[in-house]
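This report walks through one protein model, beginning with the whole chain and then turning to selected residues. Please keep the sequence and the structure in view while reading.

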Amino acid sequence: MTPVSHATGAAAPAPMSLPARYVGVITAPKATFQSIAAHPRWLGILVLTTVIAALFSALPTTTPEGQQAALDQQVRQTEAWGGQVDDAGYERMRKGVAYTPYITVAFIVIIGPIFALIIAGILFAVFNAAMGGDASFKQLFAVVAGAGAVSSLSAVFSGLINYFRGAVGSATTLGVLLPMVEEDSFVGRLMGAIDIFLIWWIVVLAIGLGVLYRRRTQPIATSLLVVYGLIAVGIAAVMSGLGGSN
């Protein structure tokens, strides 16, 4: 008897290898998620994307220029959230920045899978508990893990660019792409909170959710992007308020 795909109701697509799934999420997400939904293997793709993201996120801080940029970023972030950095605090930061590559790798290796679990848990509550979907958590988690291919590609892109220019942080936010906007203004902070690759990740995740729950992609993507936009506005508002109170 021919196996039937839960996500499509048709004959289940053949399982894909780990490299094929990674590339497929980026180049042909719908067909790839159909295979992922029918064969929900999440461990390999989660490990692969987490390791890639960790290594390339840490790469820029392996150079003296990158470590100085990381130090400057720590100072700016502390002050942006209303804190003050005195000479003693700066010296502590300067000594600790040498460990930034290792801390970055450890942080992403630990937090990355936890974040994926949290996202999957929220989506499971929305689509299964609230909307009556019947996908298993394993299938949903495999979709979330698969979408992480886009996040890891973002780390590769930003990591390589920052390595050669001696910088840290995302290289794909609207703030970076629109440098004429004042960085400390509300609009500047909002642009800095909107990342092109994160928008791509949201759209790819929406495609996976549409395949898994047999729903149209557009409403899912629109809802997720609205939530992202509200979060970005909230972050910009809070940071602008704190910055104005210094």
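## The protein as a whole

The protein exposes about 12800 Å² of surface, and carbon and sulfur atoms supply 69% of it. The model is a predicted one, and every value in this report was computed from it. Along the principal axes, the C-alpha trace spans about 70 × 35 × 30 Å, and of the 246 residues in the protein, 38% are buried.

The protein has 11 helices and 0 strands, so that reading along the sequence gives the pattern α-α-α-α-α-α-α-α-α-α-α. Among the contacts with a separation of 6 or more, residues 24 or more positions apart account for 67%.

## Helix α1 and its packing

Helix α1 covers residues 18-27, and within this helix Arg21, Tyr22, Gly24 and Val25 are buried. Which helices do the buried residues of α1 pack against? They pack against α2, which covers residues 29-38, against α3, which covers residues 43-58, and also against α7 and α10.

With a relative accessible area of 35%, Val126 is partly exposed. Val126 also belongs to a nonpolar patch on the surface, which it forms together with Phe107, Val109, Ile110, Ile111, Ile114, Phe115, Ile118, Ile122 and Met131. Taken together, the residues of this patch have about 890 Å² of accessible area.

Gly112 is placed in helix α6 and is partly exposed, with a relative accessible area of 26%; Gly112 and Ile220 are 108 residues apart in sequence, and their C-alpha atoms are 23 Å apart in space. Thr100 also has its place in helix α6, but Thr100 counts as buried because its relative accessibility is 14%, which is under the cut-off of 20%. The side chain of Thr100 reaches the backbone oxygen of Val97 at 2.7 Å, and, when residues up to four places away in sequence are not counted, Thr100 touches Thr61 and Gln74.

Side chains of opposite charge can pair when their charged atoms come close. How many salt bridges does the structure hold? The structure holds 1 salt bridge, and in it Arg214 pairs with Asp134, the closest N and O atoms being 3.5 Å apart. This pair links distant parts of the chain, 80 residues apart, since Arg214 is in the loop between α10 and α11 (217-244), while Asp134 is in the loop between α6 and α7 (137-165).

Both partners are partly exposed: Arg214 has a relative accessible area of 45%, and Asp134 has a relative accessibility of 48%. Arg214 has one further feature to look for in the model, which is a positive phi of about 55 degrees, although Arg214 is not a glycine.

## Asp195, a buried charge without a salt bridge

Asp195 lies in the loop between α9 (186-193) and α10 (196-213). Asp195 is buried, yet it has no salt bridge. Why does Asp195 have no salt bridge? The nearest side chain of opposite charge, that of Arg165, is 9.9 Å away, whereas a salt bridge needs a side-chain nitrogen of Lys or Arg within 4 Å of a carboxyl oxygen of Asp or Glu.

Asp195 does have a polar partner, for a polar contact of 2.4 Å joins the side chains of Asp195 and Ser170. Leaving aside residues up to four places away in sequence, Asp195 touches Ser154, Ser170, Thr172, Thr173 and Tyr228.

## Asn162 in helix α7

Is Asn162 buried or exposed? Asn162 is found in helix α7, and Asn162 is buried, with a relative accessible area of 2%. The side chain of Asn162 makes a polar contact of 2.8 Å with the side chain of Arg165.

Asn162 also has neighbours elsewhere in the sequence: when residues up to four places away are not counted, Asn162 touches Pro60, Ala167, Val168, Gly169 and Ala171. Asn162 and Gly66 are 96 residues apart along the chain, and their C-alpha atoms are separated by 7.6 Å.

Definitions and conventions
Residues are numbered from 1 along each chain as its sequence is written. Side-chain values use heavy atoms; hydrogens and water are left out. Patches are made of residues with over 30% relative accessible area and no salt bridge: like charges are joined within 9 Å, nonpolar side chains (Val, Leu, Ile, Met, Phe, Trp, Tyr) within 5 Å. Accessible areas come from the Shrake-Rupley method with a 1.4 Å probe; for residues, only the protein chains shown count as cover. Buried means under 20% relative accessible area, exposed over 50%, partly exposed in between (1.4 Å probe, protein chains only). Helices (H or I, at least four residues) and strands (E, at least two) are DSSP runs, numbered from the N terminus. A polar contact is a pair of N or O atoms within 3.5 Å; within protein, one must be able to donate a hydrogen and the other to accept it, and residues adjacent in sequence count only if both atoms are side-chain atoms. Contact means heavy atoms within 4.5 Å. Lys and Arg count as positive and Asp and Glu as negative; His and the chain ends are not counted.
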